[in-house]
Amino acid sequence: MSTPGQDRLVGFRRAGRGGTYSEQAVLGGHAPRDQRIGDSLPFDDGRHLVAHRFVVDEAYLLDAQAYEEWLDLLTDDVHYIMPVRVTTALGAGFDSSPGMAHFDENKYSLSRRVARFLTEHAWTEDPPSRLRHYVTNVRTFATEKDDHLIVESAELLFRSRGDVNEAALVSCGREDLLRFEDRWKVARRTIFIDESVIRMQNLAIFL
């Protein structure tokens with residue numbers, strides 16, 4: 001029987017039902033473990049409509065780079081993770097680079113990144129990128145708690161910066177855990193990038 005530490009040596013295990021990537025991440029120990037139950041909710045279900053509106057409204061905030069407002073959409077115990085994808089055989093049991101993630105962040109680290117954008121030292125985003133987050137294929141799932149929802153979505157990010165470099169595209173899938181506090185907020189986000197090599201100068205953006 002392997003230990004959690006041994007599992008991490010070969011990369012993040014494929015997190016199926018009953019598990020999350022946050023459990024295996026450096027900063028994910030505090031993250032909520034809530035999981036989906038049952039099939040996806042009908043598109044006319046009120047819970048799905050709320051969740052769909054949430055991810056679309058959030059995309060507009062990210063397009064506008066209104067990052068301070070975006071932080072208000074995250075819970076204090078949020079975990080934000082994007083494992084480094086690798087190509088492995090189906091039976092390998094893992095699909096990411098050993099213990100590595102492009103993003104493995106909590107609310108504090110995300111807030112520090114946002115704070116840096118507001119200084120004169122954020123050279124990667126000065127002048128700022130032109131962004132467009134396209135969010136589609138939204139599915140919503142209930143959990144065991146009425147105030148928690150799992151939301152799956154597909155995202156395509158268009159990013160253009162300056163007048164010389166070619167624009168870049170990033171395709172990914174996301175699984176969010178939304179929790180209702182004073183309003184709906186992201187309590188956990190797992191980002192599944194669709195490439196093992198990201199063709200972008202830097203990742204000074206949010207997905």
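## T75 in strand 1

The side chain of T75 makes a polar contact with the side chain of D77, at 2.7 Å. This is a predicted model, and every distance here is computed from it. T75 belongs to strand 1. T75 counts as buried because its relative accessibility is 0%, against a cut-off of under 20%.

Leaving aside residues up to four places away in sequence, T75 touches K107, R179, E181, K185, V186 and A187. Take R179: 104 residues separate it from T75 along the chain, yet the two C-alpha atoms are 7.9 Å apart.

## H79, also in strand 1

Strand 1 also holds H79. Is H79 buried or exposed? H79 counts as buried, because its relative accessibility is 0%. Its C-alpha atom lies 8.8 Å from that of V186, a residue 107 positions away along the chain. V186 is also among the residues that T75 touches.

## The nonpolar core

How many residues does the largest nonpolar core have? It has 41. W70, Y80, L110, F206 and L207 have the most contacts inside it. Helix 2, helix 3 (67–71), strand 1 (74–85) and helix 4 (107–117) each supply at least two residues, and so do strand 3 (130–142), strand 4 (148–160), strand 5 (168–180) and strand 6 (184–193). Helix 2 gives the largest share, six residues.

L110 shows how these parts meet. Not counting residues up to four places away in sequence, L110 touches W70, L71, L74, V78, Y80, E105 and F206. Three of these partners, W70, Y80 and F206, are themselves listed with L110 among the residues with the most core contacts.

## Aromatic pairs

The structure holds six aromatic pairs. One of them joins Y67 and F206: the ring centres are 5.2 Å apart and the planes stand at 75°, so the pair is edge-to-face. Y67 sits in helix 3 and F206 in the segment after strand 6, so this pair ties together parts 139 residues apart in sequence. Both partners are buried. The relative accessible area of Y67 is 6%, and that of F206 is 1%.

W70 and Y80 form another pair. Their ring centres are 6.2 Å apart with planes at 80°, so this pair is edge-to-face too. It links distant parts of the chain, with W70 in helix 3 and Y80 in strand 1, ten residues apart. W70 and Y80 are both buried. Which residues do ring pairs link into a cluster? They are Y67, W70, Y80, F103 and F206.

A charge meets a ring elsewhere. The charged end of R36 sits over the ring of F141, 4.2 Å from the ring centre.

## Helix 4 and its cap

N106 caps the N-terminal end of helix 4. A side-chain oxygen of N106 lies 3.2 Å from the backbone nitrogen of Y108. Within the helix, the buried residues include K107, S109, L110, S111, R113, V114 and F117.

## T143 in its loop

Where is T143 found? It lies in the loop between strand 3 and strand 4. T143 counts as buried because its relative accessibility is 6%, which is under the 20% cut-off.

The T143 side chain reaches two backbone oxygens. That of K145 is 3.0 Å away. That of H148 lies 3.1 Å from a polar side-chain atom of T143. Beyond four places in sequence, T143 touches Q35, I37, H148, L149 and I150.

The mean pLDDT of the protein chain is 83, with 77% of residues at 70 or more. Among its elements, helix 2 (residues 46–63) has the highest mean pLDDT, 98. Helix 1 (residues 4–9) has the lowest mean pLDDT, 37.

Over residues 1–12, pLDDT stays under 50. The model still has 31 contacts beyond four places in sequence for that stretch.

How values were computed
Residues numbered from 1 in each chain as written. Heavy atoms only, no water. pLDDT = per-residue confidence, 0-100. Helix = DSSP H or I, 4+ residues; strand = E, 2+ residues; numbered from the N terminus. Contact = heavy atoms within 4.5 Å. Core = buried A, V, L, I, M, F, W, Y, C linked by side-chain atoms within 4.5 Å. Buried < 20%, exposed > 50% of the residue type's maximum accessible area, 1.4 Å probe, protein only. Phe/Tyr/Trp six-rings, centres within 6.5 Å; stacked < 30°, edge-to-face > 60°. Lys NZ or Arg CZ within 6 Å of the ring centre and 35° of its normal. Polar contact = N/O pair within 3.5 Å; in protein donor to acceptor, adjacent residues only side chain to side chain.
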